[in-house]
Amino acid sequence: MTTKRDYYEVLGVGRNADEAQIKTAYRKQALQFHPDRNPGNQEAEEKFKEAAEAYEVLRDPQKRGIYDQYGHQGLEGTGFSGFGGFEDIFSSFGDIFEDFFGFGGGRRSRSRTQRGSDLRFDMTLSFMEAAFGTETEINIDKTETCATCSGSGCKPGSQPQTCNHCNGTGQMSRTQGFFTVRTSCSSCRGMGQIITQPCLECRGNGQVKVQKKVAVKIPAGVDTGSRLRLTSEGESGLHGGPSGDLYVFIHVEPHEFFERNNNDIICRIPITFIQAALGTKIKVPTLTGEKNIAVKKGTQPGDLMRLRGEGIPSLRYGNRGDLILQFIIKTPTHLSKKQELLLKDFAKLESGKLSTKLKSILRGDSASAV
Ligand SMILES: [Zn+2]
Ligand SMILES: [Zn+2]
């Protein structure tokens with residue numbers, strides 16, 4: 001029986017490493033020792049398997065717990081015994097290989113077509129653009145199928161030749177113990193064909209880097225965190241594979257007066273305590289311009305008024321939310337002598353009432369205080 005290395009040591013992480021650190025560490029190892037990059041290298045192969053085994057255990061909280069407590073022997077008790085071969089590894093981690101190699105399981109030869117990568121574009125919109133929607137054009141750097149060779153990578157008029165090394169299968173097989181290990185052919189990099197006369201435009205890649213203008217229609221009602229998908233506007237696929245998608249991530253700038261709460265808008269309206277006490281007619285801002293409203297007599301600080309349908313359109317249903325006005329009552333700070341005298345007179349009239357209320361609050365008689 002061979003002695004196994006410590007899984008944390010294998011991945012080169014500390015015992016307190018979190019899930020993301022473990023994933024990153026494994027990614028690094030898997031990239032370095034991937035069979036496609038190290039064809040026929042026995043040592044790399046072992047390292048690749050060792051890293052996969054360590055990752056399989058450390059990414060799973062249950063297995064990791066057992067390993068932390070009882071070591072390799074503890075895991076043997078659960079029936080976990082590492083991986084038999086590459087096929088095992090690829091089928092377990094298909095997702096992780098997909099995102100760092102751009103293909104599932106490293107088995108390119110099964111199908112040569114490869115979907116293009118998705119792209120991300122971050123877009124900042126003003127509050128109003130988000131509320132009403134907008135149309136714009138963005139510049140995207142991406143790869144596209146080479147027009148000169150239609151993506152074949154061959155100089156027009158020439159043909160790719162079948163790889164002699166693998167007889168066009170793109171794979172090399174080798175028996176190792178009970179398992180047959182398949183690796184990509186190193187001569188043709190798994191393609192099964194070799195380009196003898198590369199296209200001059202793309203130097204045989206079949207793809208070229210381009211900057212492309214993409215028209216984007218932003219629907220009314222988007223908010224920070226909204227994500228638009230533009231189908232097939234990502235990178236072009238390889239060998240006839242479909243294009244990836246372009247994702248536009250929306251960020252909405254705050255507005256000076258309006259604050260958004262889903263599809264409702266909150267706007268704080270300052271009024272004087274005189275206006276609050278006597279009631280008044282004032283103009284307030286709305287998304288579509290000013291509007292006259294009546295502030296009712298005896299308005300209290302924080303009172304709300306709802307203007308139905310004056311909010312943001314719902315992305316899903318199209319109907320608009322409400323504009324909610326919240327009254328902020330301002331106390332005057334620079335009073336003229338005359339105003340001050342008038343207020344003092346007013347206070348005299350009010351003092352009886354106020355002290356009765358205050359007395360009942362002090363008594364703890366909350367019901368009559370309200
Ligand atoms: Zn080309
Ligand atoms: Zn080959």
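## Ground rules

Residues count from 1 along each chain as its sequence is written, while chains are lettered from A and ligands numbered from 1 in the order in which they are written. In this predicted model, local features need pLDDT of at least 70, side-chain atom pairs count only at pLDDT 80 or more, and totals for chains, interfaces and linings use all residues; side-chain values rest on heavy atoms, with hydrogens and water left out.

## The chain as a whole

The chain has 10 helices and 15 strands. Of the 370 residues, 36% are buried (under 20% relative accessible area with a 1.4 Å probe, protein chains only; exposed is over 50%, partly exposed in between).

Take the contacts (heavy atoms within 4.5 Å) between residues at least 6 apart in sequence: 63% of them join residues at least 24 apart. The chain exposes about 22,700 Å², with carbon and sulfur atoms supplying 50% of it; areas come from the Shrake-Rupley method with a 1.4 Å probe, and for residues only the protein chains shown count as cover.

## Zinc site one

Cys146, Cys149, Cys199 and Cys202 hold the zinc ion (ligand 1) through their SG atoms, at 2.2 to 2.4 Å. Donors here are N, O and S atoms within 2.8 Å of the metal (3.2 Å for Na, K and Ca), and sites may look incomplete because water is not among the atoms. The donor spacing in sequence is C-x2-C-x49-C-x2-C.

Angles of 103 to 117° among the four donor atoms make this site tetrahedral (four donors, all angles between 85 and 135 degrees). Cys199 counts as buried because its relative accessibility is 1%, and Cys202 is buried too, at 3%.

Mean pLDDT (the predictor's confidence in each residue, from 0 to 100) is 85 for the chain, and 86% of the residues reach 70 or more.

Where pLDDT is low, the predicted coordinates should not be read in detail.

How values were computed. Helices (H or I, at least four residues) and strands (E, at least two) are DSSP runs, numbered from the N terminus. Four donors count as tetrahedral if all angles lie between 85 and 135 degrees; four count as square planar and six as octahedral if opposite donors are over 155 degrees apart and all others between 65 and 115; anything else is irregular.
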